[in-house]
Amino acid sequence: MFSDRRLWIMFILLVLPALSGVAFSSSPPADPEEMPAENPTGVITLERALALGFSQNPELASCSWTVRAAEARRIQAGLLPNPELEAAIENFGGDNGLEKFDGAETTLQIRQTFELGGKRAVRKQTAELEKETALQEYESRRLEVQAGIIKSFWDVIAAQEDCAIAGEISAVAADAYQVAAERVKSGKVAPIEEIQAQVTMATARIDHEQAERMLETARKRLAATWGRARPEFEKAVADLATPAPPPPLGSLTAEMIRNPDIVRWDTEEEIQRMRIRMADAERIPDLTVAAGPRYFNESDDTAFVMSLSLPVPVFDRNQGATREARSDLAGIRLSRKAAILKAENDLGEAYQTLTASFSTAESLATTAIPAAETAFSAAREGYREGKINYIAVLETRRAYVEVRRQYVSAIADYHKSKADIERLIGREIHEPPSSVNLPR
C-alpha cells in the first residue's frame, strides 16, 4: 500500500519549487525617485539651457527608461523555457483490488521543451536589434529636445529685444505727444496733430504691453524644456553677431545619413527580416521530452518512464504569419523612402529660411542699421542747431529701433532654422566666427 509518507514527499516535491518562486521572486523595480529640478536664477546662456534640458527634460528622461525596458526584453529573449514538474496518480479509488491506493500507480516526471529551428537565436537577435532601435529613438528625441531648447532660447532673446524696443518706441511716442501738445498749446500747429500723437502713443503703449506678455510666454516655454512651469531666470543673453554664411545645401543633404529617424529604418528592416526568419522557424514544431520514476503501489516496484511529444504541422504551418511578415517588410521599405523624402523637404525649407535670414541680417548690419544710426545722429545734431524740429528726431529714433528689431528677429530666425537643420543632419553646423557685430 502506498504510504502517506510517500504522498507527502511527492507533495513537497511539487509544491516546494512553486513556494520558492513566490518567496524569492524579484519584486518589480520601484519608480525612480523624483528629484527636484533645478531652476536657475540670474542670467542664463544657451549652453546652460542645453545642459539643464539634457539633464531634466521629462520627455528625454522617459525615453531613457524605454531604453532600459528594451535591455530587459533582450535579457528575457535569451532565456530557455522553464521545465515542468508533473505528478500523476492512476488506478485508485476503484472497486475490488483497486480500492483506495491498493493498485495505484504514481508517476513523477520532469518535462522540458526544446525549441527547434533556431527560434531562441532569432529571438535574441531580434531583441538586440529592438534595443538598437530604442537607442536610435533616444538619440532622435535628444536631437528634438536640443532643437526645441535652442528655438525656445532664441524666442526669448527675440522677445526680450522686442519688449525693450517696444518700450523705447512707447517712450518715443510719449515724447512726441508732449511735443505735439506743447506746439498745439502755443498755436504753432492744428489740434489734429495732438490727437494723432495721442493715438500713436496709445498704440505704442498697447504694443509694449503685448510684447511683455509675449516675453513671459517665451520665458515659460523655455523653462518647460528643463521641467519647470515657472521661470526664475532674469535674462537670457546671447551673441548677436551676424553669423557666417551657411554651408552649401548639397553638403548638408549628404549629412542626412546621420539622422536617427532615417538610420532607424535600416534597423527596422533588419528587425523585420528577423521576424520573417522567426515566422519560418515557427513552422518547425518544438520537441517536448518528459522523464521520471513510476511507483507501483501493489507490487512496491519502481520503474522509469519517458515520453516524447512533437506536434504534427498538418493544418497550421504558420503560413499566415509568414505572409504577414513579408508584407510588413515591403511596408517598411516604403516607409523608409517616405521618411527620406520628408527629411529632404524639411531640410530644403529650413535651408531657405536659414539663407534668407542670413541675407537679411547681413544687409541690416552692413547697410540699414548704420544708415539709420547716421540719420538719427544727424537728426539730433540738426535739432541742436535748430535746423529740424523734435518730431523729426523722434521719427529717426523710431526708425532706428525698428531696424534693430528686424535685425534681432533675423538673427533669431537664423539660429532657429539652423537648429532644425542640425536636427535633420544629426550634428552641429560649425561656422567660423564673424567679424560683423550689431552696431550699438
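**Notebook: a first look at the model**

I began with the surface: the protein exposes about 25,600 Å², and carbon and sulfur atoms supply 55% of that area. Accessible areas here come from the Shrake-Rupley method with a 1.4 Å probe, and for residues only the protein chains shown count as cover.

I noted the ground rules next. This is a predicted model, in which local features need pLDDT of at least 70 and side-chain atom pairs count only at pLDDT 80 or more, while totals for chains, interfaces and linings use all residues. Residues are numbered from 1 along each chain as its sequence is written, and side-chain values use heavy atoms, with hydrogens and water left out.

**Overall build**

I looked up the secondary structure and found 9 helices and 6 strands. These are DSSP runs numbered from the N terminus: helices are H or I with at least four residues, strands are E with at least two.

I then asked what share of the 440 residues counts as buried. The figure is 35%. Buried means under 20% relative accessible area, exposed means over 50%, and partly exposed lies in between (1.4 Å probe, protein chains only).

I checked contacts too, meaning heavy atoms within 4.5 Å. Of the contacts with a separation of 6 or more, 80% are between residues 24 or more positions apart.

**Strands**

I followed strand E5, residues 287–296. Two strands pair if DSSP finds at least two bridges between them.

I picked out Arg 294 in E5. Arg 294 is the bridge partner of Thr 107, and Arg 294 also stands opposite Ala 303 in E6.

E5 and E6 form a hairpin with 4 residues between them. Asp 300 in that turn has a positive phi of about 60°.

**A nonpolar patch**

Which residues make the nonpolar surface patch of about 340 Å²? I found Phe 114, Leu 116, Ile 284 and Leu 310. Patches are made of residues with over 30% relative accessible area and no salt bridge; like charges are joined within 9 Å, and nonpolar side chains (Val, Leu, Ile, Met, Phe, Trp, Tyr) within 5 Å.

I traced Leu 310 to the loop between strand E6 (301–309) and helix H8 (319–384). Leu 310 is partly exposed because its relative accessible area is 47%.

I went to Arg 219 in helix H5, residues 191–224. Is Arg 219 buried or exposed? Its relative accessibility is 13%, so Arg 219 counts as buried. Leaving aside neighbours within four places in sequence, Arg 219 is in contact with Val 156, Pro 231, Phe 233, Glu 234 and Lys 235.

I moved on to Ser 335 in helix H8. Ser 335 counts as partly exposed, at 29% relative accessibility. The C-alpha atoms of Ser 335 and Ile 262 are separated by 9.9 Å, although the two residues are 73 residues apart along the chain.

**Salt bridges and cysteines**

I counted 32 salt bridges. A salt bridge is a side-chain nitrogen of Lys or Arg within 4 Å of a carboxyl oxygen of Asp or Glu.

I looked at Arg 74 and Glu 128, whose side chains meet at 3.6 Å, N to O. Arg 74 lies in helix H3 (residues 58–77) and Glu 128 in helix H4 (residues 119–185), so this pair ties together parts that are 54 residues apart in sequence. Arg 74 is partly exposed at 28%, and Glu 128 is partly exposed at 38%.

I compared this with Arg 405 and Glu 402, which meet in a salt bridge at 3.8 Å, N to O. Arg 405 and Glu 402 are separated by about one helical turn, because they are 3 residues apart in helix H9 (residues 390–425). I also found a network: salt bridges that share partners join Glu 137, Arg 141, Glu 144, Asp 261, Arg 264, Glu 268 and Arg 423.

Cys 63 is buried at 5% relative accessibility, and Cys 163 is buried at 13%.
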